[in-house]
Amino acid sequence: PNPASNLLYIDSEHLIEKSIISDISGKQLLHFDLNAENTSLPISSLPPGTYFLTAFSSEHTITKRFVKF
């Protein structure tokens, strides 16, 4: 998994319209409306643990696991 502390960086070839951060039980914790290919998401409010980032574009939806430390 990708480690992160205060910011989670996203670099995409597609325009990301929104993203959601969920915990391992699937509970949605943070929601971001983006409209960007490259951005950073503030995650300092999350306690340390394992999370999932789901990014949505008009063409794709992708989910990646990351660790907040």
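User: Which residues touch the most other members in the largest nonpolar core?

Analyst: This is a predicted model numbered from 1 along each chain as its sequence is written, with local features needing pLDDT of at least 70, side-chain atom pairs pLDDT 80 or more, and totals for chains, interfaces and linings using all residues. Side-chain values rest on heavy atoms, without hydrogens or water. A nonpolar core joins buried Ala, Val, Leu, Ile, Met, Phe, Trp, Tyr and Cys residues through side-chain atoms within 4.5 Å. Among the 15 residues here, those touching the most other members are Leu8, Ile21, Leu41, Ile43, Leu46, Leu53 and Phe66.

User: Nice! Which strands each supply at least two residues of this core?

Analyst: Strands here are DSSP runs (E, at least two residues), numbered from the N terminus. By that numbering, the strands giving at least two core residues each are β2 (7-23), β3 (28-42) and β4 (49-56).

User: What is the relative accessible area of leucine 8?

Analyst: Leucine 8 has its place in strand β2. Buried means under 20% relative accessible area, exposed over 50%, and partly exposed in between (1.4 Å probe, protein chains only). Leucine 8 counts as buried because its relative accessible area is 9%.

User: And which residues does leucine 8 touch, leaving out those up to four places away in sequence?

Analyst: Contact means heavy atoms within 4.5 Å. With that criterion, leucine 8 touches Ile21, Thr39, Ser40, Leu41, Ile43, Leu53 and Phe66.

User: How far apart are the C-alpha atoms of leucine 8 and proline 48?

Analyst: Leucine 8 and proline 48 are 40 residues apart along the chain.

User: How many bridges join β2 to β3?

Analyst: β2 and β3 form a hairpin with 4 residues between them, and glycine 26 in the turn has a positive phi of about 95 degrees. Isoleucine 10 has threonine 39 in β3 as its bridge partner. The two strands run antiparallel, and the bridges joining them number 11.

User: Which residue in β4 stands opposite serine 19?

Analyst: β2 and β4 run antiparallel, joined by 6 bridges. The residue in β4 that stands opposite serine 19 is alanine 55.

User: One more: over how many bridges do β4 and strand β5 pair?

Analyst: A hairpin of 4 residues joins β4 to β5. Phenylalanine 56 has threonine 61 in β5 as its bridge partner, while threonine 50 stands opposite valine 67 in β5. β5 covers residues 61-68, and its antiparallel bridges with β4 number 8.

How values were computed
Two strands pair if DSSP finds at least two bridges between them.
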